[in-house]
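Thanks, everyone; this will be a short walk through one model. Please have the sequence and the structure open while I talk.

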Amino acid sequence: MEAQPATATTISWAIDPMHSEIQFKVKHLVISTVTGSFGQFEGQVETVGDDFTDAKISFSADISSISTGQEQRDGHLKSADFFDAENFPKLTFTSTSFTKTGDDTYNLTGDLTIRDITKPVTLKVEHGGQMQDFYGQTKAGFELVGNIKRKEFGLTWDGVTEAGGVVVSDDVKLVMNIQLTKQA
């Protein structure tokens, strides 16, 4: 009788919010960049074994936790002019593919939902590696970058200066540094 091949185990990972950051960058007046972040978020990753190829990823961020370092601007971003946190308290992301493109690089494609508008997005991912921490937990690090058009997600507020300049760019750069913790 021939031995059956061992099947790889599904492994669950969770975002470590203490060692992760979710940021966005947008041009203001087309001459400078404003950086914002989400302070409250969560995410899960399912892998087959320790290989992240074809990982299943889900993520959400609380809109009320948005911060740009300026309270008045944060309030405007949370208002109906932008994210409308009262009616749409979370943004979500669910992966549709996680494809290896190099030794430590991937393309992550999935559905991003903001204000109940869902659009496909693709992010470039660099895997920083895996390591055990002081407590014996296995950690994995990733940097993700990509771009979206804010108006495609209903963030359509526009301002124009007296000289005719755009106040806020439509292009938004996403930058995430994520540390995952392998779940027992």
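I start with a strand pair: Met131 has Lys139, in S10, as its bridge partner. Strands here, like helices, are DSSP runs numbered from the N terminus, with at least two residues of E for a strand and at least four of H or I for a helix. S9 and S10, the latter covering residues 138–149, run antiparallel to each other over 8 bridges; two strands count as paired if DSSP finds at least two bridges between them. The two form a hairpin with 5 residues between them, and in that turn Gly136 has a positive phi of about 80°.

A word on conventions. This is a predicted model, where local features need pLDDT of at least 70, side-chain atom pairs count only at pLDDT 80 or more, and totals for chains, interfaces and linings use all residues. Residues are numbered from 1 along each chain as its sequence is written, and side-chain values use heavy atoms, with hydrogens and water left out.

Arg115 has a phi of about 55° and sits in the loop between strand S8 (105–114) and strand S9 (117–132). Asp54 has a phi near 65°, but its place is within strand S5, residues 51–62. Is Asp54 buried or exposed? Asp54 is exposed, at a relative accessible area of 54%. The cut-offs are under 20% for buried, over 50% for exposed and partly exposed in between, with a 1.4 Å probe and protein chains only.

Next, Phe41, in strand S4 (residues 41–48). Phe41 has a relative accessible area of 12%, so it is buried. Its C-alpha lies 7.4 Å from that of Phe59, 18 residues apart along the chain. Leaving aside residues up to four places away in sequence, Phe41 touches several others, including Ile15, Pro17, Ile22 and Phe59; contact means heavy atoms within 4.5 Å.

On to the core. The largest nonpolar core has 41 residues, and those with the most contacts inside it are Phe38, Phe52, Phe83, Phe98 and Leu180. Such a core is a set of buried Ala, Val, Leu, Ile, Met, Phe, Trp, Tyr and Cys residues joined through side-chain atoms within 4.5 Å. Beyond four places in sequence, the residues touched by Phe38 include Phe24, Ile63, Phe83 and Leu91.
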